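Hello,

Here is the structure I promised to pass on. Please have a look at it first, and then read my notes below.

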Amino acid sequence: FRPEYAQIKNLINKFPDIPHLALTATADKATQQDIIKQLNLKDAELFLSSFRRKNIELKVLPSKKRYEVIKKHIINNKGGVGIIYCLSRKSTEQLATKLKKDGFKAAFYHGAMASDKRQKIQNQFQRDDVQIICATIAFGMGIDKSNVRWVIHYNLPKNIESYYQEIGRAGRDGVDSQALLFFSYGDITVLRSFVTGSDASEHFKKVQLSKLDRMLEFCQASSCRTNMVLSYFGEHTSNPCGNCDNCKNPPQNFDGTIIAQKAFSAVKRTGQQITIPLLVDIIR
């Protein structure tokens with residue numbers, strides 16, 4: 001909960017007879033209660049609509065050859081408008097440069113840019129002069145562009161709330177759209193280091209690491225991804241969405257007991273001191 005938001009309760013306390021309404025796009029139960037507590041709302045009624053976004057296809061892919069996959073995706077979507085979210089400012093600039101060299105109308109956007117330049121890029125995107133924005137999470141607040149056909153996460157989001165809020169910038173016109181997320185354990189390591197290395201309280205760190213674990217579970221899920229997100233927000237259903245990669249192409253399962261036993265045996269026999277690549281070489 002942003003410190004600036006918490007100050008709103010001063011206005012509520014000063015004008016107690018004025019009706020007030022707190023709105024947000026994606027909030028789990030803990031966040032809902034936090035809003036009520038931080039704003040000091042008394043006997044507040046709670047209204048929830050469904051979190052399901054039926055027209056957005058969810059897909060998770062390994063981070064190998066990301067640029068080639070992105071390039072193919074853009075070509076297959078015939079130049080449709082899209083947003084690519086990156087973890088760092090540098091990667092937004094590098095990715096936009098590569099896309100422009102390959103003939104795409106792309107631009108980068110991040111918080112370190114001058115405000116007039118950010119506004120210029122945003123206006124170009126709204127007019128379709130720029131079709132692809134490579135951006136950090138600084139881009140998106142207040143964006144209400146109806147024809148965004150896809151959102152790509154070049155890196156792993158820090159939590160499901162951020163992920164679901166960011167993919168919600170696609171398909172606002174109700175037309176079928178896509179959300180593609182690239183997953184790597186390297187991103188997990190980086191995001192965990194951001195949390196553990198911060199000056200935040202231990203409670204805050206614990207909560208953020210728990211949210212990151214839920215993001216990891218989403219990426220590793222073998223069942224319906226949409227249902228997993230809905231469950232996270234307290235909306236439970238057993239009916240598969242039919243519009244995520246796991247529903248369209250269910251993973252093939254196999255009994256990995258013996259394989260796992262061999263792997264654990266090799267870990268033990270090498271004194272639990274070697275790297276995963278070396279462990280793989282030994283098992284092979």
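Asn249 is found in the loop between α11 (245–248) and α12 (257–269); helices here are DSSP runs of H or I with at least four residues, strands are runs of E with at least two, and both are numbered from the N terminus. Asn249 is exposed, with a relative accessible area of 60%. By the cut-offs used, buried means under 20% relative accessible area, exposed over 50%, and partly exposed in between, with a 1.4 Å probe and protein chains only. Between Asn249 and Ile167 there are 82 residues along the chain, and their C-alpha atoms are separated by 21 Å.

Before going further, please keep in mind that this is a predicted model, where local features need pLDDT of at least 70, side-chain atom pairs count only at pLDDT 80 or more, and totals for chains, interfaces and linings use all residues. Residues are numbered from 1 along each chain as its sequence is written, and side-chain values use heavy atoms, leaving out hydrogens and water.

Now to Glu57, which sits in strand β1 (residues 56–62). Is Glu57 buried or exposed? Glu57 is buried, at a relative accessible area of 13%. Leaving aside residues up to four places away in sequence, Glu57 touches Ser177, Gln178, Ala179, Asn243 and Lys248; contact means heavy atoms within 4.5 Å. Arg225 lies 168 residues from Glu57 in sequence, yet their C-alpha atoms are 9.9 Å apart in space.

There is also a helix pair to look at. The axes of α7 (residues 160–167) and α9 (residues 202–220) come within 8 Å and cross at roughly 60 degrees. That makes α7 oblique to α9: angles under 35 degrees count as roughly parallel, over 145 as roughly antiparallel, 65 to 115 as roughly perpendicular and the rest as oblique. The axes are lines fitted to C-alpha atoms, for helices over the stretch in contact, with angles from 0 to 180 degrees between N-to-C directions. On the α7 side the contact is made by Ile160, Glu161 and Tyr163, and on the α9 side by Lys211, Arg214, Met215 and Phe218.

Finally, the chain as a whole. The chain has 13 helices and six strands, and its C-alpha atoms fill a box of roughly 70 × 50 × 40 Å along the principal axes. Of its 284 residues, 38% are buried. Among contacts between residues at least 6 apart in sequence, 71% join residues at least 24 apart.
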